[in-house]
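Subject: Handing over the model

Hi there,

Here is the structure I promised to pass on to you.

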Amino acid sequence: MSLPLTVYQRMPCRLPLSLGFSKYALEFEGTNHVEVSDDPSLALGTEDFSVAFWLKTSTTSRGFIVDKRTGTYGTGGVGFNVSVKGAAGLGRLEAGIGDGTNYIGDSTLISNTSVTDNLYHYIVVNFARSIGEILCYVDGFFELSVDISHVTGSITNPQNLRIGVRSYNFTNR
């Protein structure tokens, strides 16, 4: 199945094949993002799911990596996100998830390791809803788990999935 995909100001960059990467990736420099149109395959409901990606950044500001939610969690937002905290969070990863009633905020730290060192890092964020935890791995090593056992409702929402920008507005690219 293919999803409708829109790339805004696409900026391909060449990755070093010696590191095991295949030819191309997208480079986000604060003004571009990728948008995946909402689709039934993105209706995550109450299921477990993971977000995995390679990241190389030296940002000192907050940056959203992937976001699919209807608004801020504190005002009834439904969905999930993964982002980099930047200088305020010492370059660590953060995540959020909300079902419209219960949530953990989008600035909840999920890693101890700074990933803003301008080196490639392989990140896996597992939203393990069946056990009530977010599990974060950086470069194959377990980082932190965060309790989400109180977020029991569906996170399905009609918002497009956005990569490189917040989903419900275009701040913190």
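Predicted model: local features only at pLDDT ≥ 70, side-chain atom pairs only at ≥ 80, totals over all residues.

Residues are numbered from 1 along each chain as its sequence is written, and side-chain values use heavy atoms, with hydrogens and water left out.

**The core**

A nonpolar core here is a set of buried Ala, Val, Leu, Ile, Met, Phe, Trp, Tyr and Cys residues joined through side-chain atoms within 4.5 Å. Buried stands for under 20% relative accessible area, exposed for over 50%, and partly exposed for what lies in between (1.4 Å probe, protein chains only). The largest such core has 30 residues, and Phe80, Leu93, Ile97, Phe127 and Ile134 touch the most other members. At least two residues of this core come from each of strands E5 (49–55), E6 (63–69), E7 (78–84), E8 (93–99), E10 (121–128) and E11 (133–138). Strands (E, at least two residues) and helices (H or I, at least four) are DSSP runs, numbered from the N terminus. As background, nonpolar side chains tend to be buried together in soluble globular proteins.

**The aromatic rings**

There are five aromatic pairs in the structure. Rings of Phe, Tyr and Trp (its six-membered ring) pair if their centres lie within 6.5 Å; planes under 30 degrees apart count as stacked, over 60 as edge-to-face and the rest as tilted. Phe49 and Phe127 make a stacked pair, 4.6 Å centre to centre with 10° between the planes. That pair links distant parts of the chain, since Phe49 is in strand E5 and Phe127 in strand E10, 78 residues apart. Phe49 counts as buried at 10% relative accessibility, and Phe127 does so at 0%.

Phe127 has another ring partner in Phe80: the centres are 5.7 Å apart and the planes at 65°, so this pair is edge-to-face. Because Phe80 lies in strand E7 and Phe127 in strand E10, the pair ties together parts that are 47 residues apart in sequence. Phe80 is buried too, at 4% relative accessibility.

**The strands**

Two strands pair if DSSP finds at least two bridges between them. An open sheet is formed by four strands in the order E5-E10-E11-E12, with antiparallel pairing. E5 and strand E12 (141–147) stand at the edges with a single partner strand each, so one side of each has no neighbour in the sheet. E11 and E12 run antiparallel and are joined by six bridges, and Ile134 stands opposite Val146 in E12.

E7 deserves a look of its own. Seven of its seven residues are buried, so E7 is largely enclosed by the rest of the structure. Val78, Phe80, Val82 and Val84 point one way from E7, while Gly79, Asn81 and Ser83 point the other way. E7 is joined to E6 by six bridges, running antiparallel, and pairs with E8 in the antiparallel sense over seven bridges.

**A buried lysine**

Where does the side chain of Lys68 reach? Lys68 is in strand E6, opposite Phe80 in E7, and is buried with a relative accessible area of 2%. Its side chain reaches the backbone oxygen of Gln159 at 2.6 Å, and a polar atom of that side chain lies 2.8 Å from the backbone oxygen of Asn157. Other residues that Lys68 touches include Asp38, Leu42 and Ser167.

**Two loop residues**

Lastly, two residues other than glycine have a positive phi. Asn118, with phi near 65°, is in the loop between strand E9 (103–109) and E10 and is partly exposed at 41% relative accessibility. Asp139, with phi near 55°, lies in the loop between E11 and E12 and is partly exposed at 35%.

Best wishes

Notes
Polar contact = N/O pair within 3.5 Å; in protein donor to acceptor, adjacent residues only side chain to side chain. Contact = heavy atoms within 4.5 Å. Lists of a residue's contacts leave out its neighbours within four places in sequence.
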